[in-house]
Each structure stands twice: as structure tokens, then as C-alpha cells.
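The exercises below concern helix packing and aromatic pairs. Work through each one before reading its solution.

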Amino acid sequence: MTALQRALASVQQDPVFAYALLAALLLAVVSLLTGLVRRDVAVLIRPRILLRVLGAVLLAFALSLVAAQVTASFGPSTWTRLLTGLERFPLAVVALAYGPGVGVAIAALVAGLQANGTAPTWHQAVVALELAVLGWLAIYPSPRSSRWAGPFNAVLAYLLAWGTAGVALLEAERHTVTLAGVWAQQQPAIPGVLLSAALLALLPPAAYERAFPRSRIAPPHEPSPLRTPELAVDGRDPMKLTYPDLPRVLARRPRHRELEPLPGFGPDDGDAG
């Protein structure tokens with residue numbers, strides 16, 4: 001039996017794993033193709049933008065190291081989980097700013113820094129899918145247009161990625177999917193996801209343009225061709241409909257007019273004789 005036949009046999013024997021994996025692959029393909037069409041990774045050829053993206057990656061890696069040291073010293077708790085979740089915030093900001101392709105790139109960089117000579121784990125692969133979906137969702141609604149779009153997209157991307165690839169991972173590890181198993185898998189990450197969403201809600205739309213400009217997924221801000229902001233010489237908007245200035249000869253005349261007498265007849269001619 002070939003590897004393909006074994007894979008097909010395992011898929012037929014475990015439909016939960018098959019459907020969850022198929023949904024995750026569909027999300028990944030749609031997200032990455034959308035970024036590819038927009039050429040979102042092209043912004044990385046600009047040195048200043050690349051340095052800012054690498055700075056966010058290094059910040060996320062530093063936060064993960066601090067969280068690991070604190071957890072090793074004091075043990076796992078809600079506070080240490082919040083500290084662990086802080087590494088999501090800079091990565092989420094970059095994915096929201098530049099799109100799915102850049103989101104996968106920074107996830108791969110962080111996974112490489114955390115590898116310590118080992119291959120990336122499947123957990124890190126699901127995080128990469130989460131960042132790709134987050135960059136895809138950032139096209140609309142865009143956090144450059146509304147403040148609530150950032151946290152909304154972050155929570156939705158987490159639910160989509162872990163509701164598909166996370167379920168497939170849980171099925172592959174435990175061969176069963178239960179509410180208790182899903183809770184045990186997601187409980188350590190939930191505080192960090194909520195903290196990251198709260199921090200994203202603090203960022204105004206203008207902050208993305210100042211810190212991460214020239215995004216290829218940013219909504220266009222072009223004036224409408226039916227209306228131009230330029231004004232005429234007299235200060236009026238040339239595209240605004242106004243009443244024309246009619247000449248005075250067309251002005252409305254009074255309704256009541258006095259009849260003029262006929263030539264040769266005076267006002268008293270009718271009484272002659």
C-alpha cells in the first residue's frame with residue numbers, strides 16, 4: 001500500500017479528521033490566494049517596512065521567552081497565560097496591517113526562532129493559519145477604517161483556524177473530539193486571545209497608517225469621479241447643482257396690468273355727444 005492509499009484509507013476511517021482538515025485547507029487556500037492576487041508580500045522589499053515587520057517578530061519572540069521564564073519560575077496560572085498571550089499582539093497587528101502572506105511569513109519566522117533545532121510543531125502550523133486568516137479578514141472590515149475591526153477580526157480568525165485545523169489536530173492526537181477535549185486544548189490560549197483583542201481595540205485606525213504604511217490590502221481612499229474637491233474661481237463647487245442665473249428680462253412680471261387706451265381715444269371720448 002502506497003502512502004497515498006494509506007492517507008486515503010485513514011481519511012475514510014476518520015471522517016471528522018477529513019472534514020476538519022479539508023475546511024482548514026480551504027481557509028488556507030482562499031486566504032493565501034487573496035493575498036497573492038493583491039501581492040501583499042511585495043511591501044517587504046521596502047527596507048523600512050521590512051525592519052518594522054522584523055521588529056514585531058523579535059518583540060513577539062522576546063515576549064515568548066519572558067513568558068516561558070515566568071511560567072517555569074512560578075508555574076502556570078492565569079497571569080502567566082496572559083503574559084504568554086502577549087506574543088500574539090505584535091503578530092496580529094502586522095497581519096492586520098499587511099495581509100495573509102505577510103502573516104504566514106512572520107509566523108514562520110517566529111516558529112524558526114522558537115524551534116531550537118527541531119521541526120515546527122503542528123500547533124505552530126495552526127497559528128500560521130490563524131494569522132493568514134486574520135490577514136484575509138483585514139481586507140474587510142479593515143482596521144484602517146474602524147477601530148472595532150481589529151479585535152473582531154482577531155477573535156473570528158482564532159475561531160475559524162482552531163475550529164478547523166485545531167479540531168483536526170485534536171482528532172489526530174486523541175482520536176476523539178469532545179467538549180472537554182476542546183476546552184483542555186483552548187483553555188491556555190483563551191486569556192491571551194482576549195488580551196490581544198483588548199489591546200487591538202486601543203489602536204485607532206490612523207495608527208496603522210503611521211506605523212505600517214503602503215499596505216496593499218488597505219481600502220482605497222480616492223475621490224469620487226462624479227464629484228471633485230476643487231472649487232471654481234468664484235469659490236463655488238462646480239459639480240454642485242444650482243439654479244441658473246436668469247436674465248432680468250425673464251424675471252416674473254406683476255400679474256395685474258392696466259390696459260393702455262387705444263390711439264386717438266382719450267379717457268373721456270366715450271362720453272362725447
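**Exercise 1.** Which residues in α6 meet which residues in α7?

*Solution.* The model is predicted: local features need pLDDT of at least 70, side-chain atom pairs count only at pLDDT 80 or more, and totals for chains, interfaces and linings use all residues. Residues are numbered from 1 along each chain, and side-chain values use heavy atoms, without hydrogens and water.

Step 1. With contact meaning heavy atoms within 4.5 Å, Pro100, Gly103, Val104, Ile106, Ala107 and Ala111 of α6 meet Gln124, Ala128, Leu131, Ala132, Gly135 and Trp136 of α7.

Step 2. By class, this contact has nine nonpolar, three polar and no charged residues; Ala, Val, Leu, Ile, Met, Phe, Trp, Tyr, Cys and Pro count as nonpolar, Asp, Glu, Lys and Arg as charged, and the others, Gly among them, as polar.

**Exercise 2.** Is helix α5 (residues 88-98) largely buried or exposed?

*Solution.* Step 1. Buried means under 20% relative accessible area, exposed over 50%, partly exposed in between (1.4 Å probe, protein chains only).

Step 2. Ten of the eleven residues of α5 are buried, so the helix is largely enclosed by the rest of the structure. Among them are Arg88, Pro90 and Tyr98.

**Exercise 3.** Classify the pair of tyrosine 98 and phenylalanine 212.

*Solution.* Step 1. Rings of Phe, Tyr and Trp (its six-membered ring) pair if their centres lie within 6.5 Å; planes under 30 degrees apart are stacked, over 60 edge-to-face, and the rest tilted.

Step 2. A search of the whole structure finds three aromatic pairs. In this one, the centres are 5.8 Å apart and the planes at 90 degrees, so the pair is edge-to-face.

Conventions
Helices (H or I, at least four residues) and strands (E, at least two) are DSSP runs, numbered from the N terminus.
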